[in-house]
Amino acid sequence: MQTIRGFRDILPEHIPLWQKVEKEAIFLFESFGFKEIRIPVLEKTELFARSIGEVTDIVEKEMYTFADRKGAKLTLRPEATASIVRSYIQHKMYATDPVRKFFMIGPMFRRERPQKGRYRQFYQIDAEVFGIESAFIDSQLIFLLNELFKRLGLTGLSAHINSLGCPDCRPSFQKALLNFIESKKDKLCENCIRRMDKNPLRILDCKVTGCKEALADAPATLDHLCNVCDDHFNTVKTTLEQQKVDFIVDKSLVRGLDYYTRTAWEIQTTSLGAQSAVAGGGRYDGLVKELGGPQTPAIGFAIGFDRLVEVMEQVDKSPGTNPLNLFIISLGDKAMKKGYHWSCELNQLGVYTEMDYRGKSMKALMKRANKLGAQYVLIAGENELAEHAVILRNMNTKEQVSLAVETLVPELIKIVKK
Ligand code: ATP
Ligand code: MG
């Protein structure tokens, strides 16, 4: 039996990097006032169709959707924002305090063509802020991402930012865009033609080379911003400059989800080939209302956890693994019983201790202790037990001391847990 295409095991030797990222992310989220939220992996299909947009790649082609045994249409979550918005509304969080900051870490599912940095089950570290319209929050989220990547030792990342405007500036932009698209119609793919009426903005996100070329000079939202959106975007830029966060204004960045308004961004890397985005985010001031809540400004981002780890693997080859503090060599039944109880007690007290239960010889067990990288080895045979003293060997210096059985555990802790 094998995993299904695009799904993979993350094996123990890769986990230290995942945990390192998680630890730094949680530390930063907590310092910035984010609370963890856990949402289901399965939701009604309608939630994603309505929020991400019917005419988007995710909803049209990538979702894992199925009918359950009673015929309800369900979807494995392709992203977290929709579910977190649903939760915000469902639990009427806006009523007690509209200002909320959440983060979540977990798997997402999209049926895309698998390749390096692109999987069908992948992981995101996601953050969302509700109830704050101020551009300071837009800057702060980009600042937070920048800080996280800095702490993880990553360089060569750049923040691409854009403003997608609001419902006030959309009509003038859409008109200009449609005119432009009309003039390039013969150069566009079928998919783009089909989307012209339904969702012209999505055409700007088309990955087909011919379309990309034809749309190189397409009108940009940035040139059609209303005064309020323009001010908002200027504040984002000046705040980032003041905080020394590097960014590139990228007029062509539209992002693949319909709900975005105003600031949108992506953190890109040059070290992953085609899969260059390690994180993406944006403001979505209309979504809470769209899904049945009160008008609430909101903004968030998602980090591609798998891709982030792949970038880190290029610079951080050996994150600390948990070293084996002590290996107990018990020879004979009596010593085995004693050793077992000592090992449990030491494990309980936070000393990483291993034993071998297969009745192997002294020589084989020393070999195993070496293989596991044990810092200390405790040798307990029938003779040692008869004399109420066992031997502790420092595997580094090769020094040996004799320890009294009666006070063994506290003595071991003093020496081993230094
Ligand atoms: P892309 O343009 O690479 O398809 P996206 O815009 O679809 O990315 P988002 O929906 O913004 O991605 O998700 C945020 C991040 O999640 C991305 O920047 C990326 O790092 C990661 N991501 C998205 N899809 C996948 C996938 N199939 N496998 C691994 N990581 C992914
Ligand atoms: Mg995508």
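In which strand is Glu266 found? Glu266 belongs to strand β9, residues 261–269; helices (H or I, at least four residues) and strands (E, at least two) are DSSP runs, numbered from the N terminus. Before we go on, a word on the source: this is a predicted model, where local features need pLDDT of at least 70, side-chain atom pairs count only at pLDDT 80 or more, and totals for chains, interfaces and linings use all residues. Residues are numbered from 1 along each chain as its sequence is written, chains are lettered from A and ligands numbered from 1 in the order in which they are written, and side-chain values use heavy atoms, with hydrogens and water left out.

Let's stay with Glu266 for a moment. Its relative accessibility is 15%, so Glu266 counts as buried (under 20% relative accessible area is buried, over 50% exposed, in between partly exposed, with a 1.4 Å probe and protein chains only). The Glu266 side chain makes a polar contact with the side chain of Arg255, at 3.2 Å. Such a contact is a pair of N or O atoms within 3.5 Å; within protein, one must be able to donate a hydrogen and the other to accept it, and residues adjacent in sequence count only if both atoms are side-chain atoms. Leaving aside residues up to four places away in sequence, Glu266 also touches others, including Ser158, Ala159 and His160; contact means heavy atoms within 4.5 Å.

Strands β7 and β9 run antiparallel and are joined by seven bridges; two strands pair if DSSP finds at least two bridges between them. Ala159 stands opposite Ile267 of β9, and Ile161 has Trp265 as its bridge partner there. With β8 (residues 247–249), β7 runs parallel over three bridges, and His160 stands opposite Ile248.

Now step back to the whole sheet. Eight strands form an open sheet in the order β1-β5-β6-β11-β10-β9-β7-β8, with mixed pairing. At the edges are β1 (35–36) and β8, each pairing on one side only. Helix α4 packs on this sheet and touches β5 (100–109) and β6 (121–130), its direction making about 40° with that of β6. Axes are lines fitted to C-alpha atoms, for helices over the stretch in contact, and angles run from 0 to 180 degrees between N-to-C directions.

Helix α4 (residues 81–90) also meets helix α2 (residues 45–52): their axes come within 9 Å and cross at roughly 105°. The two helices are therefore roughly perpendicular to each other, a label for angles of 65 to 115 degrees, while under 35 counts as roughly parallel, over 145 as roughly antiparallel and the rest as oblique. Leu47, Phe48 and Ser51 of α2 make this contact with Ala82, Ser83 and Arg86 of α4. Because six of its eight residues are buried, α2 is largely enclosed by the rest of the structure. Among the elements covering those buried residues are β2 (42–44), α3 (57–62) and α11 (287–290).

Finally, visit a second open sheet, whose five strands follow the order β13-β12-β14-β15-β16 with mixed pairing. Its edge strands, β13 (353–355) and β16 (400–404), each have a single partner strand, so one side of each is left without a neighbour in the sheet. Strands β12 (residues 326–330) and β14 (residues 376–380) pair in the parallel sense over five bridges, with Ile329 opposite Ile379.
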